[in-house]
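Here is a note for a colleague who is new to reading structures. Keep the model open and follow the points in order.

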Amino acid sequence: MQPGSLLYQGKSKQVFETDDPSLVVVRFTDEATAFNAKKQATIEEKGRLNCAISTMLFERVGEASVRHHLVQPLNDTDWLCLKVEVLPIEVVVRSVVAGSFAKRYGLSEGDVLPRPIVEFFYKSDPLDDPLVGEDAILAMGWAERWELLFMTDTALVVHETLRRIWAEASVQLIDAKYEFGRHDGRIVLADELTPDGARLWDATTGDRMDKDVFRRDLGDLAASYRELYRRLLGSPEG
Ligand code: C5P
């Protein structure tokens, strides 16, 4: 399936039309952005590493009966996906205090939460994706009630599945962002499952291995992603 014209240019992803109106090609690119694209860089191999990591993780959550948009990987950077209408809501699941949760409530990064916490953020670049409450989402029609419930339950299943997979690789899953889309009247897990949208700390040292390395200038992002790849899938050389 060859990509057709560009439908959408994301911060680290491109989406192309295909001959089939129900399918798109999603391409993982080498771009890294942070703080709503106020900080940008090109990180060699990031697209390939993220595509491989995300492929493995989508296949594993699929085995856990989660419906998702990946139809099949096409090559090192491209996926054939269901075309979805992405909901304007980011679902964040947190197992450990970090990031905006630590800041908002004055908590210490690294404290384990009593149970996973689900938060919704409204996807809006001009507003920097603000936290949003359930009632506002329903009142504004950004999602229906059953969709919110379904996304919450699914995000918790995905998060627990990923937490276990990463733990086997000696990596602690701290928090992650999940996105969903509508396809044929159903809600499917969309977007990607990569270290761009999750916090992943080395289980032994606590070293940051995810996009915080780039956001907070903590070191070499490509080296971190290569190490995550190696732990999940073996040597990056294959
Ligand atoms: O910044 P915050 O603590 O709210 O982020 C929670 C999680 O969601 C982190 O894993 C972060 O990488 C992810 N996230 C994201 N895209 C955003 C906001 C947060 O992937 N726009």
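**Notes on the model**

1. R226 counts as partly exposed, because its relative accessibility is 30%. The classes work like this: buried is under 20% relative accessible area, exposed is over 50%, and partly exposed is in between, with a 1.4 Å probe and protein chains only. R226 sits in helix α6, residues 221-233. Helices here are DSSP runs of H or I with at least four residues, strands are E runs of at least two, and both are numbered from the N terminus. R226 is in contact with E45, L49 and P236, once neighbours within four places in sequence are set aside. Contact means heavy atoms within 4.5 Å. L82 is another matter: 144 residues separate R226 and L82 along the chain, and their C-alpha atoms are 28 Å apart.

2. A word on the source. This is a predicted model, in which local features need pLDDT of at least 70 and side-chain atom pairs count only at pLDDT 80 or more, while totals for chains, interfaces and linings use all residues. Residues are numbered from 1 along each chain as its sequence is written, and side-chain values use heavy atoms, with hydrogens and water left out.

3. Now the ligand. How many residues surround the ligand? There are 16, and the closest are R94, S100, D175, R199 and R215. A residue is near a molecule if one of its heavy atoms lies within 4 Å of it. By class, the shell has five nonpolar, three polar and eight charged residues. Ala, Val, Leu, Ile, Met, Phe, Trp, Tyr, Cys and Pro count as nonpolar; Asp, Glu, Lys and Arg count as charged; the others, Gly among them, count as polar. Four elements each supply at least two residues of the shell: β9 (89-96), α2 (99-105), β11 (171-178) and β14 (198-202).

4. A polar side-chain atom of S100 is 2.6 Å from a ligand oxygen atom. D129 has a polar side-chain atom 3.0 Å from a ligand nitrogen atom. For D175, a polar side-chain atom lies 2.6 Å from an oxygen atom of the ligand. Taken alone, the ligand exposes 450 Å², and the protein buries 80% of that. Such areas come from the Shrake-Rupley method with a 1.4 Å probe; for residues, only the protein chains shown count as cover.

5. Turn to H159, in helix α4 (residues 145-168). Is H159 buried or exposed? H159 counts as buried, because its relative accessibility is 3%. Leaving out residues up to four places away in sequence, H159 touches V93, R94, S95, L173, I174, D175, A176 and Y178.

6. T18 lies in the loop between β2 (13-17) and β3 (23-28). T18 counts as buried, because its relative accessibility is 13%. Its side chain reaches the backbone oxygen of D20 at 2.9 Å. The T18 side chain also reaches the backbone oxygen of L23, at 2.9 Å.

7. Last, some strands. Strands β8 (residues 85-86) and β12 (residues 180-183) pair antiparallel over two bridges. Two strands pair if DSSP finds at least two bridges between them. E85 stands opposite R182 in β12. Strand β12 also runs antiparallel to β13 (residues 186-189), joined by four bridges. There, the bridge partner of R182 is I187. The hairpin of β12 and β13 has two residues between the strands, and D184 takes a positive phi near 55°.

Terms used
Polar contact = N/O pair within 3.5 Å; in protein donor to acceptor, adjacent residues only side chain to side chain.
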